[in-house]
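Student: I'd like to go through this structure with you, starting with the strands. Can you take me through it piece by piece?

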Amino acid sequence: MEHSHRFFRNKACKYFPCHSSPQEEDFNCLFCYCPLYFLEDCQGNYKMVKGVKTCINCSIPHWPKNYDYIIKKLGREIKGRKNMLNLKNYLSEIEGLDQESLDQALNHWDHLTHPIGSLGQLEETTIRLAGIQKRPIPKLEKKTIIVMCADSGVFEEDISSSPQEFTQMLANIMVDGRTGVCSLASYAKSDVDVVNIGMLETMDQDPRIIQKSVRVSSNNFTQEPALTEEEVLRGIQVGIEVAEERISQGYDILGTGELGIANTTTSSAVLHLMTDLSVEEAVGLGAGIDEDQFARKKRIIKEAKERYQKDPDDVIGILAAVGSLDIVGLVGVFLAGAKNRVPVVIDGLISSVAALCAARLEPKARDYMFASHLSREVASAKILDFLGLKAPVHLDMRLGEGSGCPFTFLILEAGIHCMENMGVFENTNIDHHVQVNIRDKQDD
């Protein structure tokens, strides 16, 4: 017979082919249709149940009459676990920095006409950029900021001063180039990509918005988990897909931004569940709220940690419990940058929480991240400390959108320009051997 549930079929099974005829009664060696075999969890071991070979790892005997039940009961779990397996494989392909290029870039800086190490972070960041790109002098030619847009169900708890429709309104304005990040990006000669990964759909959306919606808004995490783990994995995949498409088009640095009313609540909740930071250390004022809203914001985040009781290392579980799809999509952008050896710039609180999630999933991803500015949000400095990164500028900004990223684009380009245009000691009468390396020196 021609069976309808062919997605379980696995011809790699060591027992395949095992059917002498196309009759239903001959489908009694069912590893070819085993969901665990499909996930590569089944090793082909079986037990006999009423004359039927049944996988010992499954609780449901694989009789043909059970196929519909298996799919109904396990279908979502199967897809989710397969996505998790794919994510693990993706993470395993992330490599560290190229040591030879790091050494070459360091040597190049040390032969330029300046006290060794005196250009500080300009030297440090361009050296790391060289290790990312596997070239002694890095280059930046095409830049874009990927802005993930999503709404959050926790908005219902009155923890924002802005109406929820602002997310869609700002996304429409952003593709017209009329927001803060667009002005700054234009000055830095950077593009901006606006992605709908989970906005509400209560008004027309500009066709220039990239449509990648996983679902319409998240749930209210005070009542139920914000997302399913499958939705988290799909959201990460969206971030990977958008980033890799831009990388394939020749973009050699990515910025990260977001739009989402109430997303400082979801990001602070993720941070609180992932770390030992207190509510007071993790939760800030966001885009501006009154005292009652601020107290409510801290209370629901504290209660969420008590309710969900998540392991701090369970990044996917935490994102599902209290996260939002803008954060989730940015996790994918950070991972795609690391996988494809492309630097990714962090903006403010939401972006930095996504960076922390990506670094928890694969620590080597941190090597590909660059801070931009120190946000006014209370937790920002702590997150950068967790990541081991320094913010090159402090401008008291808290806009979000990716607005800090253009500053790092310009700083990195300035450092590269120095590497390419400063003189070298060999062409002067200065003996560089008398220079004292002050790179690692600290003032008393």
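Tutor: Both faces of strand β3 are covered: Lys143, Ile145, Val147 and Cys149 on one side, and Thr144, Ile146, Met148 and Ala150 on the other, are all buried. Buried means under 20% relative accessible area, exposed over 50%, and partly exposed in between, with a 1.4 Å probe and protein chains only. Strands (E, at least two residues) and helices (H or I, at least four) are DSSP runs, numbered from the N terminus.

Student: What kind of model, and what are the conventions?

Tutor: This is a predicted model, in which local features need pLDDT of at least 70 and side-chain atom pairs count only at pLDDT 80 or more, while totals for chains, interfaces and linings use all residues. Residues are numbered from 1 along each chain as its sequence is written, and side-chain values use heavy atoms, with hydrogens and water left out.

Student: Which strands join β3, and over how many bridges?

Tutor: β3 pairs in the parallel sense with β6 (residues 253-259) over seven bridges. Seven bridges also join β3 to β4 (residues 191-198), again parallel. Two strands count as paired if DSSP finds at least two bridges between them.

Student: Where does Thr144 stand?

Tutor: Thr144 is opposite Leu254 in β6, and its bridge partner in β4 is Asp191.

Student: Is β6 enclosed or exposed?

Tutor: Seven of the seven residues of β6 are buried, so β6 is largely enclosed by the rest of the structure. Two bridges join β6 to β7 (residues 344-345), which run parallel, and Leu254 stands opposite Val344 there.

Student: Changing topic: which residues of α6 are buried?

Tutor: Val181, Cys182 and Ala185 are the buried residues of α6. Seen down the helix axis, they fall within an arc of 100°, so they line one face of α6. The arc is that of the directions from the helix axis to the C-beta atoms. On the other side of α6, Ser186 and Tyr187 are exposed.

Student: What do the buried ones pack against?

Tutor: They pack against β3, α5 (166-174), β4 and α15 (405-421), where contact means heavy atoms within 4.5 Å.

Student: And where is Lys189?

Tutor: Lys189 is in the loop between α6 (180-187) and β4. Lys189 takes a positive phi of about 55° and is exposed, with a relative accessible area of 71%. Lys189 and Glu141 are 48 residues apart in sequence and 9.6 Å apart in space, C-alpha to C-alpha.
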